[in-house]
Amino acid sequence: MATSSTAHYLTDNEIKHLCSKTGNLEACHKLLKSDHRTAKVDAKGLTEVSVDLASNKANKIRTQLNSFSKATHDSGLRNLYNLCSKNYDDAIRDLEVAKKNLHSGAYKDISIQINDAVEEVKICEIVFNGASSDRAHIKKKNKDLEFCLNIVKVTSDNLNKK
């Protein structure tokens with residue numbers, strides 16, 4: 001992550017202020033601080049960290065969905081896992097485009113990609129609404145990613161104000 005020598009590094013209080021806009025300041029701050037890059041990061045760098053954290057979370061969940069699909073003997077449930085995995089593929093692609101927008105300076109376009117990724121996660125949630133046995137753990141995974149995507153939205157919206 002390259003920053004110029006004149007970049008304004010965000011203070012811990014500035015990061016907390018941004019996190020307060022997510023609805024869960026503590027969880028947001030803890031998540032962002034889990035990445036060593038936040039020790040010395042500017043606004044653009046913080047957005048990159050948040051995109052990377054969301055991408056990592058989405059990839060992990062997609063891998064789990066694929067594992068669940070292979071492990072189940074219920075063909076209906078397998079189909080739901082596969083459908084949801086495809087939604088996560090699309091969300092991951094949206095995050096890749098968001099990162100390209102970040103690097104090209106197209107900050108306003110980042111929120112479009114994040115909104116698209118959120119929609120993919122919501123479709124996965126809808127897909128599992130009828131599957132009572134596996135609904136709770138999938139819902140939790142979807143909510144975790146939605147939270148990460150919300151952090152990306154907040155950090156990228158901050159870039160649009162600069």
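D90 is partly exposed, with a relative accessible area of 27%, in what is a predicted model. The side chain of D90 meets that of R93 in a salt bridge, at 2.2 Å from N to O, and R93 also counts as partly exposed, at 46% relative accessibility. Both residues belong to helix α4, where they stand 3 residues apart, about one turn of the helix.

## Salt bridges

In total, the structure holds 10 salt bridges, of which the pair R93 and D90 is one. Side chains of opposite charge can pair when their charged atoms come close. Two further pairs connect helix α3 with helix α4, one of them formed by E48 and K99 and another by R62 and D89.

In the pair of E48 and K99, the closest N and O atoms are 3.6 Å apart, and the two residues, E48 in helix α3 and K99 in helix α4, link distant parts of the chain, being 51 residues apart. E48 counts as buried because its relative accessible area, 10%, lies under the 20% limit, whereas K99 is partly exposed, with a relative accessible area of 24%.

For R62 and D89, the closest N and O atoms of the salt bridge are 2.8 Å apart. R62 lies in helix α3 and D89 in helix α4, so this pair ties together parts of the chain that are 27 residues apart in sequence. R62 is partly exposed, at a relative accessible area of 22%, and D89 is likewise partly exposed, at 26%.

| Salt bridge | N to O distance |
|---|---|
| E48 and K99 | 3.6 Å |
| R62 and D89 | 2.8 Å |
| R93 and D90 | 2.2 Å |

E48 and K99 also take part in a network of salt bridges, in which they are linked with D35, R37 and D52.

In soluble globular proteins, nonpolar side chains tend to be buried together. The largest nonpolar core of this model has 29 residues, and among these Y88, I114, F128, L145 and L149 touch the most other members. The elements that give two or more residues to this core are α3 (43–71), α4 (75–104), α5 (107–127) and α6 (135–160), with the largest share, 10 residues, coming from α4.

The surroundings of L149 can be described residue by residue: leaving aside neighbours within four places in sequence, L149 is in contact with A54, L95, I114, A117, V118 and V121. A second, separate core consists of 13 residues, including L18, C28, L32 and F147.

S156 is found in helix α6, and its relative accessible area of 0% places it among buried residues. When residues up to four places away in sequence are not counted, S156 touches T47 and I110.

N150 is also found in helix α6, but N150 is partly exposed, with a relative accessible area of 26%. Between N150 and T38 there are 112 residues in sequence, counted as their separation, and the C-alpha to C-alpha distance in space is 18 Å.

How values were computed:
Residues are numbered from 1 along each chain as its sequence is written. This is a predicted model: local features need pLDDT of at least 70, side-chain atom pairs count only at pLDDT 80 or more; totals for chains, interfaces and linings use all residues. Side-chain values use heavy atoms; hydrogens and water are left out. A nonpolar core is a set of buried Ala, Val, Leu, Ile, Met, Phe, Trp, Tyr and Cys residues joined through side-chain atoms within 4.5 Å. Buried means under 20% relative accessible area, exposed over 50%, partly exposed in between (1.4 Å probe, protein chains only). Helices (H or I, at least four residues) and strands (E, at least two) are DSSP runs, numbered from the N terminus. Contact means heavy atoms within 4.5 Å. A salt bridge is a side-chain nitrogen of Lys or Arg within 4 Å of a carboxyl oxygen of Asp or Glu.
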